[in-house]
Amino acid sequence: MAITFSASDSATAGAPLSARLTPPQVWGIVLLAPYLLVFLAFVLYPVGYGLWLARQPASYVALFQDPIFARAAVNTLIFLVIGINIKMLIALFLSGFFVQERRWIRWLSVLFILPWAVPSIPTILSVRFMLNPEWGVINQLIFKFTGDDGPNWLNDPAVALAMAIGVHIWKSLPFWTLILITGRLAIPHDLFEAAAVDGATWWQKFRYITWPSMQTLYVTCTLLSMIWTLGDFNSVYLLTGGGPADLTHVLSTLGIRYLRLDQLNLAMASIVCAMPLVLPLVYFMMKRLSR
Amino acid sequence: MKLPAMKLPTWREVTTEARLLLIGIPVFIWTMVPIYHMFLFAISPKEDAFSGKLWPDHPTLHNFEIVFREQHYFLRDFYIQFWNSLVIAVAVGALTLFIATAAAFSISRLRVPGGRMLMNLALFTYFIPAAFLAVPMYRTMATYGLLNNHWSLILAMVTIASPYAIWVLKQSSDKLPVELDEAAVMDGATTLQIFRLVYLPLMMPSLVAIGTYAVLLAWNEYLYAFLLLSNDRDITLPVALGNFLAADDSPWELLMTTGFIYALPPAAIYYAFRRYMVGGLTAGAVKS
């Protein structure tokens with residue numbers, strides 16, 4: 001048995017490659033090659049190289065001794081656990097609002113997409129100036145109405161982080177609302193009609209019809225948003241720059257900060273430290289999406 | 001708006017409408033404030049902009065004139081930076097379309113062995129947070145000698161855009177019936193002819209969606225552009241906008257004006273292709 005197998009194996013291996021492949025298969029390989037090259041050169045090699053750089057225990061010791069790292073890790077968790085859940089709850093709520101059939105709501109939904117459609121730099125900088133303690137419109141209005149100086153918004157780490165989360169929500173809320181709207185529209189309408197006939201309240205309709213059919217989508221969206229938010233550099237960097245005193249960094253801005261300081265080992269080590277958070281999420285998403 | 005026939009709304013209808021407005025008005029304000037603020041700065045002379053007014057006393061287009069004539073230190077390379085943004089975005093769109101269409105055709109129609117595995121690897125890339133990949137990517141581009149070269153940004157953005165593009169295109173090409181390919185083969189069509197004459201025309205809506213997605217992704221990108229390009233004449237507009245912050249006395253009204261000009265094309269493209277975008281990009285999400 002084993003001998004026949006190896007004999008036939010060597011026979012096919014001996015034949016020229018083109019003889020074993022049908023023309024469509026040859027084309028398949030040729031057409032797949034560009035992406036394969038991109039993947040090897042710009043994903044596999046960088047990731048492998050990065051992991052190799054992050055191999056020394058010394059960088060982790062240095063990293064854990066850096067108080068900014070601990071702070072950034074906590075900030076990242078706050079950003080993900082509190083920020084994303086608030087965002088997704090608002091998105092779930094607003095998706096219910098936007099499926100109402102009114103002409104003005106349709107117009108509003110067109111405008112509502114704007115934050116997602118425009119680039120983040122100008123709008124985040126616009127918010128940054130609004131929060132300027134002296135010249136920003138918010139504190140000028142506070143002064144006009146109360147005669148008091150408004151708070152120095154971005155100078156308090158807790159407030160500044162909250163503002164960064166706010167900017168993140170402003171930017172990505174439309175996208176997730178849009179996804180949840182498509183989810184809601186996929187629910188058969190006669191379910192709601194039947195419930196209305198039975199005299200179900202608003203809450204009962206949500207609890208027994210909307211939520212069971214949206215549950216999976218909602219959880220998928222929350223996880224996906226968490227993964228992407230880990231890579232959200234702009235909201236924090238452009239609003240606070242990580243300040244005051246490097247207290248509002250998240251892991252993504254911290255990695256780039258180390259990179260700019262030419263501490264590549266620390267940058268990679270900080271990213272590797274985020275992996276226990278990323279990999280389970282990624283694994284779960286891959287299982288869902290690659291079906 | 002057409003008025004309904006003379007019928008007084010019931011109390012219940014009035015309260016429902018009021019409750020909807022109670023949600024709608026805050027949503028409108030929340031959405032528009034940062035954008036309106038940017039617009040306000042763009043049409044205000046400097047004194048008005050810094051005085052916290054909700055509408056300038058003397059609205060003007062003077063800021064736009066300064067930007068378009070490059071009459072400020074920060075704006076001296078405005079046109080070349082705009083051009084850089086444009087070239088890079090178009091190149092990323094074209095390259096992504098080419099790579100992703102070829103890959104999706106190969107995986108979905110030709111069912112090349114190992115294709116599915118490559119797509120799963122690609123999906124894996126899609127899930128690595130962008131800022132995390134940026135660090136090793138920067139290092140790799142330095143190794144390849146591509147730093148400060150537009151190709152570094154183009155290739156980086158193609159890397160980021162391709163996985164999602166392949167995934168979406170594969171989903172929609174799985175929906176095309178296999179009989180089409182079989183019939184074409186019976187008629188003696190070669191693989192390339194099937195690709196060109198059968199596959200591409202049928203995939204057009206998804207291709208428009210993916211092309212737009214890649215162009216917007218590249219046009220809007222800040223982090224990678226900021227890391228990979230640094231010479232004033234090589235950088236893209238968003239990096240130039242970020243550089244405004246380097247000075248203490250930044251000309252904020254000019255920064256907002258430039259930002260407004262920079263934000264217009266993606267908004268216009270988005271609204272022009274909205275039909276394709278929403279259908280094409282959210283189709284996969286609902287399935288899961």
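Visitor: Is the crossing of helix 14 of chain A and helix 6 of chain B left-handed or right-handed?

Guide: Left-handed. The near helix is turned anticlockwise from the far one by less than a right angle; clockwise would be right-handed. Helices here are DSSP runs (H or I, at least four residues), numbered from the N terminus. This is a predicted model: local features need pLDDT of at least 70, side-chain atom pairs count only at pLDDT 80 or more, and totals for chains, interfaces and linings use all residues. Residues are numbered from 1 along each chain, and chains are lettered from A in the order written.

Visitor: Which residues make that contact?

Guide: From helix 14 of chain A, A:Ser252, A:Gly255, A:Ile256 and A:Leu259. From helix 6 of chain B, B:Ala131, B:Phe132, B:Ala134, B:Val135 and B:Tyr138. Contact needs C-beta atoms, placed from the backbone, within 7 Å.

Visitor: New topic. Where does B:Val198 lie?

Guide: B:Val198 is in helix 9 (residues 191-220) of chain B.

Visitor: What does B:Val198 touch?

Guide: B:Leu180, B:Asp181 and B:Ala184, leaving out residues up to four places away in sequence.

Visitor: Why is B:Val198 classed as partly exposed?

Guide: Because 17 other C-beta atoms lie within 10 Å. Buried takes 20 or more, exposed 12 or fewer, and partly exposed is in between, with C-beta atoms placed from the backbone.

Visitor: And how far is B:Val198 from B:Val27?

Guide: 45 Å in space, C-alpha to C-alpha, and 171 residues in sequence.

Visitor: What domains does chain A have?

Guide: Domain 1 (17-53) and domain 2 (67-290). The bounds come from an automatic or database domain assignment. The C-alpha centres of these chain A domains are 36 Å apart.

Methods
Helix = DSSP H or I, 4+ residues; strand = E, 2+ residues; numbered from the N terminus. Contact = placed C-beta atoms within 7 Å.
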